[in-house]
Structures are given as C-alpha cells and as structure tokens.
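Q: I am new to this structure and would like a close look at a single part of it. Please take one residue, describe its surroundings, and then move on to the element that holds it.

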Amino acid sequence: MEARSAMSWYCSSLLAIVVALFLSASLGTGAGAGGADLKGTCAATPHPDVCVSALQKDATASKAAATPRDLAEAAVRAAADAGAAAGDYARKEMDVVKENVMWQCLNECAEDIEEALDHLDDSEDGIDDAKLKEVKLFLDTAEHDAWNCDQSCKGAPNTPVKTALLAKNKDFEKLMAVTLALLKRACPGAGDAPGPAPAKSPKP
C-alpha cells in the first residue's frame, strides 16, 4: 500500500514538473520579439534575410524577451553602422580618385548618406520617443524621395571603387527599409501628426 502511494506521489510530481516546464517554454517563446520569433518578425519587412542577420548581432534584439521597440531600436543602430561604413568608404576614396566624375559620384553619395546618419544618430542611453519619431519621418520621406547613388554615379567609370560604393549603399538602403517597417510595427502612429517632414539639404 505504501509502495503504491509512493508511486502515485512520484507520478503526480513528475506530471507537475512536465506541465511546469511546458508552460515555461511556451511563455518564453511568446515573450520574444513582442510575442513573435525574430524570423517571424523579420518576415514582415521588405528584406527578411537582411533583418535577421542584422538583429541577431544585436545583444538586446537577440534576447528572448526583446520587444518590438527593442527590435526597432536595434535596426536603427544597424542602419547607422551600415551608413557609416558606406560614408567612410566614399570619403576615403575621394582622397585618391583622379577622375572628376568619380569624385562627384563619391561626394554626392557621401553627402546624402551623412545627412541620413544625422537623423539616425542615437545616444548611448537609448532612443527616446522624439528620436524615433524623427527617424520614422525621415525614413518615410526617404522611401518616396530617396537619393540614388546609382543615378549620381551613372556617368562614372565602372571601377571596383564604384562597385563597392554602390554595394555598401544598397546594404544601407535595405537596412533603412527594414528599420522603417519595424518602426511602424513598434510605434504605430509615430510621426503621423501633421508637420513638415525632414527636408534634404540642397546640393551646392
């Protein structure tokens, strides 16, 4: 009789542990990325592979408990890093190219990228609501009236420098599109209030 009671207690305890582990796993999965996994969230962006690759590298975004806002902020950081890489490359090559058309191509792309970085720039303490609104306004505008390095460099010779610049710029543009999609998901309505959108600086 005692053996049967002990066995019954053991089975009940084991069942309770299994149920607890199941619930814990379910809750843990649902908490990530605001109730969706990273791949599922990125699938709703224009460039899912780019989105996943960028956010997996971010310590905050890759956590199971990452919220939609965390992912949007991580995308802003990733886009800023890609833009900085493209802008730095353009400026560095401007010091060595000899063709005027190629120099103009590098300069125009660098200026537009640097302006975008002014809007994407965030502080080490995080991105506040006002900054997220500014970023969304800029990306909304850029989506409809974006610069085009391909057009700026149309007359430049097809060199490894031009190829590398356009590839880096394309990476930047893809991350900006991903960022806008994640911002719309994390902050619906942010930047929808009437008001002038950030304007691009006129070229000399």
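A: In this predicted model, Leu175 has a relative accessible area of 10%. That value is under 20%, so Leu175 counts as buried. Leu175 belongs to helix H8, which covers residues 160-186.

Leaving aside residues up to four places away in sequence, the contacts of Leu175 are Val50, Ala54, Ala78, Ala79 and Ala82.

H5, made of residues 100-120, has its axis 12 Å from that of H8, and the angle between H5 and H8 is about 20°. Because of that angle, H5 is roughly parallel to H8. The crossing of H5 and H8 is left-handed. On the H5 side, the contact is made by Met102, Cys105, Leu106, Cys109, Ile113, Ala116, Leu117 and Leu120. H8 contributes Val161, Lys162, Leu165, Asn169, Phe172 and Met176 to this contact.

Rings are the last topic. Lys168 has its charged end over the ring of Tyr89, at 5.5 Å from the ring centre. As for rings paired with each other, a pair of aromatic rings is described by the distance of the centres and the angle of the planes. A search of the whole structure for aromatic pairs finds zero.

How values were computed: Residues numbered from 1 in each chain as written. Predicted model: local features only at pLDDT ≥ 70, side-chain atom pairs only at ≥ 80, totals over all residues. Heavy atoms only, no water. Helix = DSSP H or I, 4+ residues; strand = E, 2+ residues; numbered from the N terminus. Buried < 20%, exposed > 50% of the residue type's maximum accessible area, 1.4 Å probe, protein only. Contact = heavy atoms within 4.5 Å. Phe/Tyr/Trp six-rings, centres within 6.5 Å; stacked < 30°, edge-to-face > 60°. Lys NZ or Arg CZ within 6 Å of the ring centre and 35° of its normal. Axes fitted to C-alpha atoms, helices over the stretch in contact; angles between N-to-C directions. Parallel < 35°, antiparallel > 145°, perpendicular 65-115°, else oblique. Left-handed = near helix turned anticlockwise from the far one by under 90°.
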